[in-house]
Amino acid sequence: MSIEELKVSIKNLNVFYGEKQALFGINLNIYANEVTSLIGPSGCGKSTLIKCINRMNDLVDICRYNGQIMIDGEDINDSSTDPVSLRTRIGMVFQKPNPFPKSLYDNVAYGPRLHGMTNSKEDLDELVITSLQKAGLFNEVKDRLFEPGTGLSGGQQQRLCIARALAVNPEIILMDEPCSALDPIATAKIEELIEELKEKYTIVIVTHSMQQAARVSNRTAYMHMGELIESGLTKTIFSNPEHIKTQDYITGRIG
Amino acid sequence: MSIEFILLTIIGLSAYSFYISKKKAAAISAINGAEIHSQPYYHGMYAAFLTISPALVLLIVWSFIEDTIITMRLRDYFSDITEPSIANFYIQGVINFVDDVNSKAMDHVNFFTATEYYKSTMHLNLLLKSIVLVMLTIIALRYSFKLISADFKARDLFEDVVIKVMNIASIFAIFITIGIVLSLLFETLRFFESVPVQDFLFGTHWSPQMSIREDQVGSSGSFGAVPVFTGTILISIIAMSVAGPIGLFSAIYLSQYASNRVRSFAKPIIEVLAGIPTVVYGFFAVITVGPFFREMGIFFDIEGFSSESALIAGSVLGIMIIPFIASLTDDALSAVPRSLKEGSLAMGATLSETTTKVIIPASFHGIVGSFLLAFSRAIGETMIVVMAAGFAANLTANPFDAVTTVTVQIVGLLTGDQEFDSAKTLSAFALAFVLFFLTLILNVISLSIVKKYREQYE
Amino acid sequence: MNNILSRNNAEKRFKVYGFLAVSTAIVLLGILLFKIFSTGISAFNQSYIGVKIEINNSINSSEIDPRTELRQQLRNMFPELTTRAEKRTLYSLFSTGATYEFEDLLKANEGKTINGYYYFLASDDVDMYVKGTVKREGDSAGRLMSDQLKILDQFEEQNLVELHINKYLLAGADSREPEMAGIKGAIYGTLYAILIAFITSFPLGVLTAIYLEKLAKKNRISDIIETNINNLAAVPSIVFGLLGLAIFLNFFDLPRSAPLVGGLTLGLMTLPTIVIAARSAIKSVPPSIEEAAIGLGSSKVQTIFNFTLPLAMPGILTGTIIGIAQAIGETAPLLMIGMVAFVVDIPGGPMDPATALPVQIYLWADSPERAFVERTSAAIMVLLIFLFLLNITAVYLRKKLEKKW
């Protein structure tokens with residue numbers, strides 16, 4: 001059994017949208033080089049939670065929160081933390097693929113150029129190719145690197161977004177229902193990819209599909225109406241949950 | 001018996017037609033129960049329509065014909081005059097004389113005979129008109145009344161009429177455009193009879209002063225419009241350099257950075273700039289901006305800073321254009337899907353980087369389109385430049401010089417004493433035609449650019 | 001990533017530019033409004049000079065020539081002024097309107113003795129000096145010469161120089177004398193013109209919008225009409241003025257300077273705006289309502305006029321009000337069709353020669369007399385306030401519309 005290294009630690013997180021509270025006292029540990037999935041019915045706060053990790057919720061005017069989120073032992077909400085540099089350590093893949101209306105190359109190169117990660121064109125080329133390879137997309141698009149990213153199929157676009165996220169060499173990758181807009185074949189490819197990526201990255205995936213959680217993740221957390229009901233090893237959650245609510249969800253009594 | 005009386009009679013008859021037809025239909029439906037096809041109201045309306053339309057159409061046609069025939073007949077009295085525009089003057093004098101207006105035309109030998117003829121003919125005409133139109137209306141009324149029956153599809157017919165009326169209304173819009181094009185084109189072509197096209201388009205000396213006396217034909221002025229065009233462009237460029245940065249950055253700030261509260265407060269205030277009449281801007285240019293710039297000119301020791309300089313007019317024009325650019329650019333920026341913005345931010349880009357590297361490139365077509373539209377607005381603007389810019393055509397690129405614009409010239413040439421046929425007056429139409437054509441092209445290009453960008457997101 | 005610092009600085013700078021841009025726009029607006037209102041407010045007052053009037057009740061007022069009598073009264077106040085030049089200087093302090101005011105005074109006091117101080121309209125040069133717009137420099141103040149000032153000073157010492165409400169500005173028609181110039185004629189002219197513009201463009205525009213949106217088949221012709229309307233909306237207003245000149249004045253021979261022609265021209269200009277606004281309002285009516293109506297046996301035309309149109313009306317009216325507000329402020333087209341006449345009478349109807357408020361503003365702005373500056377600002381104030389009220393109405397209507405669904 002490999003050593004479990006704590007990557008992200010969330011303690012007592014409460015999130016409010018204006019007057020309405022969205023998350024209630026969340027406590028969750030996310031371990032390095034694992035896939036942790038967040039499951040639960042619609043509106044339970046999974047997306048909200050995941051967006052706290054890379055402080056994307058800062059973009060929403062009326063969102064306030066208190067509690068502690070630590071990455072590698074450092075509080076990310078501390079005033080000395082710069083959200084911009086925080087986000088370079090965390091990549092995000094969205095529900096609907098959102099490639100920039102630029103060429104495939106420029107999509108992947110966007111992050112590295114921004115952060116000045118490479119010194120020469122050759123280095124950048126190499127980085128783009130490597131990222132596309134890691135995302136399992138390179139072979140399919142290698143002869144159309146300079147065509148617009150919007151010209152790909154849904155599944156390919158999503159893998160492009162993954163490649164884009166990988167290009168900045170993050171430690172953590174957040175995925176917000178990445179396959180919900182894709183067909184089963186594309187979904188399978190992405191799940192394969194997740195399996196490979198977890199060797200090097202820590203992945204948190206929000207998913208609507210229990211089956212997907214069961215397929216890809218090491219740990220699972222079940223959320224319900226803004227509360228984290230239960231979290232643990234996926235095997236345990238699905239076969240032997242502790243809470244009745246978890247059981248109800250898994251057996252399909254509540255959806 | 002006047003024209004108003006005739007109209008009133010016809011309208012009255014058609015109202016009467018409505019009333020009796022409605023009554024008849026109601027009576028029929030009372031007998032047949034619910035089997036009548038259309039409600040009495042529709043029978044009434046359709047009958048009223050049938051009653052009034054033949055007379056109306058005939059009235060309009062008659063009015064056109066009578067004008068032409070009368071003018072032709074009157075011309076015979078003045079057959080000694082060969083110049084058509086002068087003959088028209090005399091004919092007009094006869095017509096106006098009936099309204100007790102005296103004119104030089106009274107000197108002519110045949111003048112009073114002509115007026116007698118005119119008076120008697122008009123009386124006859126009016127009498128004839130009234131009788132024919134009223135009779136026509138009465139016939140129409142009886143015919144429409146006969147049509148009413150239980151099976152008569154009055155509602156369908158009437159709704160067809162309504163649809164046709166709306167169809168005509170919508171075509172009217174085309175007529176406006178055709179009207180603009182034709183009236184401008186017509187006069188422009190007449191202008192090019194006296195002044196060659198290339199002189200106008202490429203000549204660099206603009207001095208349209210013409211002789212006042214009628215018999216002096218031949219231009220003593222020059223009509224090289226290049227300095228006028230360059231003046232327009234110079235002032236518009238200055239305006240765009242003021243409005244462009246301010247408008248663009250305002251749009252960026254309000255759409256990307258400002259909180260909803262600030263945005264809801266600041267955006268309407270900027271819109272107010274668009275609602276201020278341009279004559280107010282012109283006045284502002286004269287009493288505040290002009291003196292201010294003059295002070296600055298003295299302070300910075302700038303020589304040759306004209307009080308009617310392009311800089312002053314252009315700056316105020318720029319202020320007026322700010323809300324155009326701000327609002328159109330804001331629309332373009334806001335149309336970029338949020339997911340793109342989030343995607344960039346999630347990668348650790350700052351908001352300014354996201355804006356410059358993702359959002360603006362994504363909305364580029366829309367932004368270019370809005371700039372073109374604003375530029376088109378700037379070159380078509382009149383009052384600000386009339387009040388703040390100069391009248392003398394000056395071929396220069398120096399913003400401190402006084403220049404004139406197309407619109408200033410048009411106003412100058414067409415206000416004051418007008419002689420409708422001189423090259424001077426016609427040159428205004430030529431200028432207007434160029435202006436119309438140019439703004440049209442700019443608008444078409446702008447709209448097609450914006451459409452192309454919108455297709456990117458479909 | 002060692003460029004984080006410079007990137008954050010760039011971010012801060014960028015944000016500042018944006019904020020500066022917005023502030024600049026707002027400040028410029030503020031300067032403009034401030035300048036207009038601060039110069040215009042003084043025009044609502046007018047300088048009046050008090051004159052001691054003594055008239056015996058036995059004198060019949062119809063036998064008195066107001067001009068000579070007023071001058072006599074003035075001479076009675078200043079018996080020391082003997083030469084013609086001196087007397088003319090005294091008279092010059094008063095406006096020609098003072099004569100009419102004196103006439104009114106006589107008529108009002110028919111058969112009575114008049115004994116007291118009465119105030120009469122001062123000339124515009126005096127007005128400018130009293131209000132402080134023109135400052136005293138040495139012996140003269142603006143166009144007031146030293147001898148005029150000497151007499152004026154005497155009036156002031158007796159506290160006979162006062163500011164009264166300027167009743168000419170809002171209630172009178174235009175005049176060559178700034179102190180008597182008013183905007184009433186221009187307001188009437190604008191009202192008539194706008195009324196006609198509305199009557200022309202509103203029905204035509206709404207019908208066109210309904211047709212294009214609901215009834216026309218999507219074919220080449222409807223495309224052409226649509227493109228046409230969109231292009232017309234962007235044509236410079238002066239071109240519409242020329243159209244009006246060529247067609248209404250030259251072809252149809254309508255009277256120049258009449259609000260009728262101005263109204264027709266403005267109507268043509270506003271038509272595309274109304275069509276576009278009406279289409280947008282009609283488009284936003286939910287199809288479910290129309291489907292329900294048709295399901296109940298309503299014909300297409302009936303559905304439109306009984307259901308769609310009433311629901312779209314707030315939106316249509318909002319757009320129309322905005323279009324009308326734009327038309328009210330237009331000057332160029334009216335210059336082209338000649339609504340520039342210097343008209344001293346208040347127009348009785350749309351066929352009488354008149355001018356419009358923005359044109360009046362333009363004419364006054366062009367006038368050399370100093371006193372016209374504040375009056376131009378005052379006229380602008382009236383125009384802006386009216387436009388403001390119109391736009392508030394439009395916003396209110398829009399809010400009401402949003403509440404519907």
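## A chat about the model

Author: Happy to! Let's start with Met56(A): its relative accessibility is 4%, so Met56(A) counts as buried. Keep in mind that we are looking at a predicted model.

Reader: Good to know. Where is Met56(A) found in chain A?

Author: Met56(A) sits in the loop between helix H1 (46–53) and strand S4 (63–71) of chain A.

Reader: And which residues does Met56(A) touch, leaving out those up to four places away in sequence?

Author: From chain A, the list includes Lys51(A), Arg87(A), Met92(A) and Phe94(A). Met56(A) also touches Glu342(B), Leu345(B) and Ala346(B).

Reader: How many Å separate the C-alpha atoms of Met56(A) and Thr246(A)?

Author: Those C-alpha atoms are 28 Å apart, and along the chain the two residues are separated by 190 residues.

Reader: S6(A) and S7(A): do they pair in the parallel or antiparallel sense, and over how many bridges?

Author: The sense is parallel, with four bridges between S6(A) and strand S7 (residues 172–176) of chain A.

Reader: Nice. Switching to interfaces: how many residues are in contact between chain C and chain B?

Author: On the chain C side there are 70 residues, in contact with 75 residues of chain B. The two chains bury about 6200 Å² between them, and 80% of that is on carbon and sulfur atoms.

Reader: What about salt bridges between chain C and chain B?

Author: The count there is one salt bridge. Arg7(C) forms a salt bridge with Glu353(B), and their closest N and O atoms are 2.6 Å apart. There are also 12 residue pairs in polar contact across the interface of chain C and chain B, counting pairs with both residues at pLDDT 80 or more.

Reader: Which helix gives the largest share of the side of chain C that touches chain B?

Author: That is helix H1 (residues 4–40) of chain C, with 20 residues. By class, the side of chain C that touches chain B has 50 nonpolar, 14 polar and six charged residues.

Reader: And how many residues does the contact take from chain A and from chain C?

Author: Eight residues come from chain A and five residues from chain C. Chain A and chain C bury about 540 Å² between them, with 53% of it on carbon and sulfur atoms. Zero salt bridges are found across that interface, while two residue pairs are in polar contact, both residues at pLDDT 80 or more. Helix H2 (residues 83–89) of chain A gives the most to the side of chain A that touches chain C, with three residues.

Reader: Back to salt bridges, then. How many turn up over all chains?

Author: A search of the whole structure gives 31 salt bridges over all chains. In one of them, the side chains of Asp72(A) and Lys7(A) meet at 3.1 Å, N to O. That pair links distant parts of the chain, 65 residues apart: Asp72(A) is in the loop between S4 and strand S5 (74–75) of chain A, and Lys7(A) is in strand S1 (residues 6–17) of chain A.

Reader: Is Asp72(A) buried or partly exposed? And Lys7(A), buried or exposed?

Author: Asp72(A) has 36% relative accessibility, so it counts as partly exposed. Lys7(A) is at 9%, so Lys7(A) counts as buried.

Note on methods:
Residues numbered from 1 in each chain as written. Chains lettered and ligands numbered in written order. Heavy atoms only, no water. Pairing = 2+ DSSP bridges. Helix = DSSP H or I, 4+ residues; strand = E, 2+ residues; numbered from the N terminus. Contact = heavy atoms within 4.5 Å. Buried area = accessible area lost by both parts, 1.4 Å probe. Salt bridge = Lys/Arg side-chain N within 4 Å of Asp/Glu carboxyl O. Polar contact = N/O pair within 3.5 Å; in protein donor to acceptor, adjacent residues only side chain to side chain. Nonpolar A, V, L, I, M, F, W, Y, C, P; charged D, E, K, R; others polar. Buried < 20%, exposed > 50% of the residue type's maximum accessible area, 1.4 Å probe, protein only.
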